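Hello,

Here is the structure we spoke about. My notes follow below it.

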Amino acid sequence: MKSAFSSAARLSWGLILVVLSSLTAAMGQAPIRFVKTSKIFILDAGKVTYVFGINEQNILQHIYWGGHVGREEDFRTPSTEEWSSFDLSSTTTPQEYPGWGAGLYVEPGVKVTFPDGNRDLVLHYVSHQIAGNTLTVTLKDVQRALLAHLHYTVYPQTGILRREVTIENRTDKAVVLESAQSAAWYLPQGDGYRLRYLTGRWAGEWQLTEEPLHTGMKVLESRRGSTSVQANPWFALDRDGNRDSEDGSVWFGALGWSGSWRISVEQTAQQQVRVTGGFNPFDFGYRLGAGESLTTPPFYAGYTDGGIGEASRILHAFERTEILPRGSGSGTRPVLYNSWYATGFKVDEAGQKALAEKAARMGVERFVVDDGWFGQRNDDHAGLGDWNVNLQKFPNGLAPLIRHVKDLGMDFGLWVEPEMVNPDSNLYRQHPDWVMHFEGRPRTEARNQLVLNLARDDVRDYIFDSLDHLVTVNDISFLKWDYNRNFSEPGWPEVPPEQQKNLWVRYTQNLYDILDELRQKHPRLEIESCAGGGGRVDLGILRRAEQVWPSDNTEALDRLTIQRGFTYAYTPHIMMSWVNDVPDFNRRSAPLQFRFLMAMQGSLGIGADLNRWQPEDLAEAKRMIGHYKSIRDTVQNGLLYRLASPGTGNVSASEYVSENKSQAVLFAFLHSQQFGRTLPAVVLQGLDGNATYALSRLDAKPNEKNSILPLKLSGAYLMEHGLPLLLEGDYDSTAIKFDRTPP
Ligand code: DGJ
């Protein structure tokens with residue numbers, strides 16, 4: 001275990017993966033293999049091996065998930081395990097994807113009710129197909145034509161595996177799925193595991209929670225219809241690791257679904273450790289007609305022996321290359337200005353133009369008009385649903401403002417909240433039946449709004465057409481897609497009662513369809529996923545959104561904790577972070593430099609009222625934005641090392657290193673100095689030990705004693721001796737850039 005302030009040089013995981021992938025390739029092994037003699041499947045994903053087989057009962061049985069094991073003879077045909085008459089073999093055998101039947105007491109992959117009342121489902125192996133990096137194994141009930149096609153994809157660059165299941169009803173009658181999970185992941189049997197997960201609430205998202213795993217089940221979930229801030233569909237399990245350790249085994253995963261989801265983490269009486277995830281079974285009851293199929297959300301998971309730090313970096317790289325809509329072509333995010341905190345709903349052409357001019361002078365690259373530009377939207381009581389420009393505020397439409405913004409050298413973005421409607425809107429007056437509701441029952445409002453029933457195709461079409469029109473007639477590069485409440489009364493009275501619960505799935509599928517179609521028709525359009533903060537961040541929405549809004553809480557000290565939690569699961573590339581005015585949340589007033597350096601650890605934005613800024617503030621902002629542009633590729637696309645946690649002391653420090661180690665940047669923050677203590681040297685990680693780095697300041701600190709003189713240091717010195725920080729007083733902050741240079 002290493003403390004935050006000590007480290008030895010580590011090989012970058014990228015290098016290790018490349019070496020291992022080339023080893024596998026050199027040995028001529030395909031990434032996915034079926035060994036006929038032992039009836040086992042071997043999935044090699046870079047430095048990770050995953051193995052399961054077909055046992056003597058024709059049931060798919062898990063064998064191994066962990067570090068790379070190259071010798072396939074080491075794995076034997078699995079066989080069922082039984083402990084006592086109270087624990088039938090269906091429970092004690094680690095079934096790769098169990099149906100609920102034959103005495104299964106652990107979490108099932110799928111649970112079904114047939115029309116004759118039969119609820120027993122026993123899935124046996126039928127066939128499989130391997131195509132490059134993908135494998136599909138088909139299972140079928142022992143009697144009935146209910147099939148589960150298990151899809152696997154391996155990603156050798158990161159060692160991530162993707163699993164999802166298509167459940168197919170080949171009987172001649174409809175069945176009801178009461179649970180449809182994407183995967184059951186098995187960790188090595190035993191105890192001593194620790195579970196990490198992310199919880200929160202509005203303005204307090206991304207709190208890392210850690211607890212030991214004991215016998216029983218821990219449920220992480222959202223029943224709210226969307227991803228939620230209360231829990232995020234990510235988990236990590238390790239054994240006896242340090243808080244921010246850079247070594248030790250970690251198994252981790254994340255679901256790609258933006259509707260109600262569940263991840264159940266079980267430790268059985270036999271110390272089987274299993275993680276099952278997919279659609280939330282609460283109020284689930286998906287009617288699958290004869291001949292129909294349902295595919296579960298993708299469940300991605302990985303393994304590393306490099307500790308939780310490496311687990312995060314693997315996920316970050318995977319998200320950037322495999323999940324984000326533009327993949328490895330994502331480049332860097334532009335510096336953004338958004339007027340929400342400055343003007344609220346009081347947006348108009350003259351005011352926005354004035355802000356745009358100031359923003360452009362500071363080096364902002366994208367100007368975004370937030371809520372208030374449409375319908376009768378003067379506060380949050382009216383207008384949602386009416387996506388036409390408010391002509392009192394913008395008499396000539398948005399075109400003159402957009403032209404002005406573009407002439408200033410920025411692109412233009414606009415806020416929308418397409419899934420919602422205010423009862424005080426033309427849309428609701430025309431279509432009161434378009435919101436989700438139960439017939440004759442009250443409709444619960446939140447923020448004076450109701451949720452449109454996106455499961456309905458006419459609602460889906462209305463939303464698509466409104467947005468398509470908006471981005472067709474206006475030169476809009478970016479939509480901030482907001483969502484400010486969760487479901488209530490999720491009824492769909494227009495379809496027969498037995499179909500109504502399909503809403504839980506259909507809503508999100510239609511949401512994805514709208515986004516996909518919009519993106520296809522407007523390929524240059526970029527999207528931010530916002531849900532009153534970080535309520536819709538998951539690997540499903542991230543296939544369709546370039547960036548996300550982690551929290552409405554922009555107060556700099558809180559944000560350090562929020563952002564740190566966020567990065568356990570998600571890349572800083574997508575993490576929007578704004579500099580706002582003070583006093584902010586908690587009535588706290590951190591200095592401007594502190595606020596800037598906090599926000600520069602993600603994708604930088606400014607949300608302050610620039611009309612209130614003094615010339616020296618505007619000058620400092622210009623300088624900081626310039627600095628940010630010199631490091632943003634490293635911050636957004638590099639390797640993150642969390643050095644010191646804001647939760648465990650007065651100091652927060654993090655380091656970003658570019659993939660080729662040519663640049664690094666260190667950020668450190670002191671909340672409040674006590675007893676005149678000076679801080680120990682911060683020991684850096686991930687640098688090239690043999691290289692020399694030129695140091696330069698991104699803060700405004702004087703270069704005096706105990707500072708960063710000399711201005712050149714070796715990677716080895718920085719990673720072994722460390723760098724003293726000159727942090728003192730309250731709310732002090734520093735940032736140092738390291739550029740590889742000839743010795
Ligand atoms: C909630 C978002 O999180 C804010 O940034 C802002 O866009 C408001 N909605 C606007 O109503």
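Leaving aside neighbours within four places in sequence, which residues is Tyr570 in contact with? They are Trp206, Asn232, His316, Glu319, Val537, Asp538, Leu539 and Leu542, where contact means heavy atoms within 4.5 Å.

Some ground rules. This is a predicted model: local features need pLDDT of at least 70, side-chain atom pairs count only at pLDDT 80 or more, and totals for chains, interfaces and linings use all residues. Residues are numbered from 1 along each chain as its sequence is written, and side-chain values use heavy atoms, leaving out hydrogens and water.

Back to Tyr570. This residue sits in the loop between helix H10 (556–569) and strand E29 (576–579); helices (H or I, at least four residues) and strands (E, at least two) are DSSP runs, numbered from the N terminus. Tyr570 counts as buried because its relative accessibility is 0% (buried means under 20% relative accessible area, with a 1.4 Å probe and protein chains only). Ser312 is 258 residues away from Tyr570 in sequence, yet 7.4 Å away in space, C-alpha to C-alpha.

Now the ligand. A side-chain N or O atom of Asp552 is 2.4 Å from a ligand oxygen atom. For Lys480, a polar side-chain atom lies 2.8 Å from an oxygen atom of the ligand. Gly533 brings a backbone N or O atom to 3.4 Å from a ligand oxygen atom.

Best wishes

Notes
A polar contact is a pair of N or O atoms within 3.5 Å; within protein, one must be able to donate a hydrogen and the other to accept it, and residues adjacent in sequence count only if both atoms are side-chain atoms. Buried means under 20% relative accessible area, exposed over 50%, partly exposed in between (1.4 Å probe, protein chains only).
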